[in-house]
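Hi,

Here is the structure I said I'd pass on. Have a look, and my notes on what turned up are below.

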Amino acid sequence: MQPLKLGLVGCGDIAGYTALLSKLVPRVRLVACCDINRQRAEQFARRFRIPMVFTDYDQLLSQSNLDAVYLAVPHHLHAPMVKKAVAAGKHVWVEKPLTRTYPEGIDLYSTVQDNGVKVGVNYQYRYDPGCFRLAQAIQQGYLGDVFHVRINVPWSRQETYFSGAAWHASFEQSGGGTLLTQGSHFLDVAMWALQQRPISTEGITRQVKFKDVEVEDQALGLVTFEKGTTLQIHSTMSAAVEGAVSIEFYGEKGTAHYSNRPFPNVRFLGVKPHAFRLPRFGVHALQRSLIGFCDWVINDISYLTPIDQALPVLAVVDSIYQSALSEKKVKISDLTF
Ligand SMILES: NC(=O)c1ccc[n+]([C@@H]2O[C@H](COP(=O)([O-])OP(=O)(O)OC[C@H]3O[C@@H](n4cnc5c(N)ncnc54)[C@H](O)[C@@H]3O)[C@@H](O)[C@H]2O)c1
C-alpha cells in the first residue's frame, strides 16, 4: 500500500503535534510543508525531515505532486484554501472548525461536494476513547431517552495565546473565541452522540480575563433539541487553573459522565458499563483521527467527520453567538444538513 502523500499548510502550534504523531502512521508521508513565515516553514521542515518547503500555498498545490493537504491555518483561510485544494483535485483534511460561521460552511460544502475528492474536518475528540465510548452508548440508546446534557470546558490560556498568534484575537479572522475554538470540540461530540436536530439556543458570552481582544473568553449556551432534550455548555479559556473537561448525559435509565482527566474515561451510573471498541488504534486521538482520514482516502473506510458532519456544530455555535448579541432566544429554523 502506497502511503498518502500529504502537504501540511500552516507550521504553527497544532501542526507540530500532527507532524510528530504522523511519524507513527505508516499510511502517511509528509512530503511538503508551507507557511508564509519562511523561517518557521524551514525550521519545521528540518525538525520533521520534510523534503519540500513552500511559502506560497498556490505553489505547493501546483508543484508538489500531493495526494492531500492538511490545513492548519487561521479560520478565515479555511474556506478559500479548501476550495483551491479541491479545484486542484487534492483531498483535504482541514482543522476544526470547518469555517468561521455556518453560512460560510454551507457555502463551502455546496462548492466542494461531489467533486471526486474527500474533505474531512479534524474534530479529533470523536476518536478520543472516552468520547467515542460515550457517543456509542448514547447512539445505541444505552441510557434510554436523554433529557439533559451538561458540558464544561474549564481551560486556561495565557497572554501568549493572543500575542503569539494575533489572529486568535481578531473576530474577522477567528470567527469567535472559546466557544468556537475550544468548546466546539465537545459540543460536536455531544451532538454527534444525541443525533437530534437542535431547534433553539440561548447564550451569553463574556470577556473575563482578556478584555482587549475581539472574541469571548467565556461562553454559556443552552440548546433545545427536537425531542425536548436540553444541553448546556460552559466553555472558557480563563480558568485560573485548567480543569477536567466533562460531558454528562442524563437519561431515563442512567447517567454517563465523561472526563478527560487523568485520562479519557466514562463512568456509567444506574446502568452497566458499556462495552466498546475504538475504530482505530493509536496513542492519541489526533493520531487516530489522522489514521481515520488516511484510511478514508486510501481504502474508502468511512471517516468520523466528513465535511457535512462538521456543519451542525457550526449552526449551534452561530446561533449561541446570535443569542448572546441580541439577548434573545434564537430559533434554528433553516438547517440544511
Ligand atoms: N484539533 C485541535 O485540537 C486543535 C488545536 C489547536 C488548534 N487547532 C486548529 O488548527 C488551526 C491552526 O491553529 P494553530 O493554533 O496551530 O495556529 P497557529 O497560529 O499556531 O499556526 C497557524 C500557522 O499558519 C500560518 N499561516 C498563516 N497564513 C498562512 C498562509 N496564507 N499560508 C500558509 N501558512 C499560513 C501562520 O504563519 C502560522 O504558522 C485552527 O483551525 C485551530 O482552530 C486545532
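First, the rule for aromatic pairs: rings of Phe, Tyr and Trp (its six-membered ring) pair if their centres lie within 6.5 Å, and planes under 30 degrees apart count as stacked, over 60 as edge-to-face and the rest as tilted. By that rule the structure holds 14 aromatic pairs. One of them is F44 with F48, tilted, at 4.8 Å centre to centre and 55° between the planes. Helices (H or I, at least four residues) and strands (E, at least two) are DSSP runs, numbered from the N terminus.

Some housekeeping. It's a predicted model, so to speak of local features we need pLDDT of at least 70, and side-chain atom pairs count only at pLDDT 80 or more, while totals for chains, interfaces and linings use all residues. Residues are numbered from 1 along each chain as its sequence is written, and side-chain values use heavy atoms, with hydrogens and water left out.

Now the domains. The chain is divided into domain 1 (4-122 + 288-306) and domain 2 (126-268 + 312-331), with bounds from an automatic or database domain assignment. Their C-alpha centres lie 25 Å apart. The contact (heavy atoms within 4.5 Å) takes 19 residues from domain 1 and 17 residues from domain 2. Together the two domains bury about 1,600 Å², 61% of it on carbon and sulfur atoms; that is accessible area (1.4 Å probe) lost on being put together, summed over both parts.

How many salt bridges cross that interface? The rule (a side-chain nitrogen of Lys or Arg within 4 Å of a carboxyl oxygen of Asp or Glu) finds one between domain 1 and domain 2. R100 and E172 also meet in a salt bridge, at 3.2 Å, N to O.

The count of salt bridges comes to eleven. Another is D295 with R27, whose closest N and O atoms are 2.6 Å apart. D295 lies in helix α10 and R27 in the loop between α1 (13-22) and β2 (28-34), so this pair ties together parts that are 268 residues apart in sequence.

- K96 and P97 are joined by a cis peptide bond, omega about -15°; P97 is in the loop between β5 (91-95) and α5.
- R261 and P262 are joined by a cis peptide bond too, omega about 0°, with P262 in the loop between β12 (255-259) and β13 (265-269).
- Q195 has a positive phi of about 55° although it is not a glycine.

Cheers
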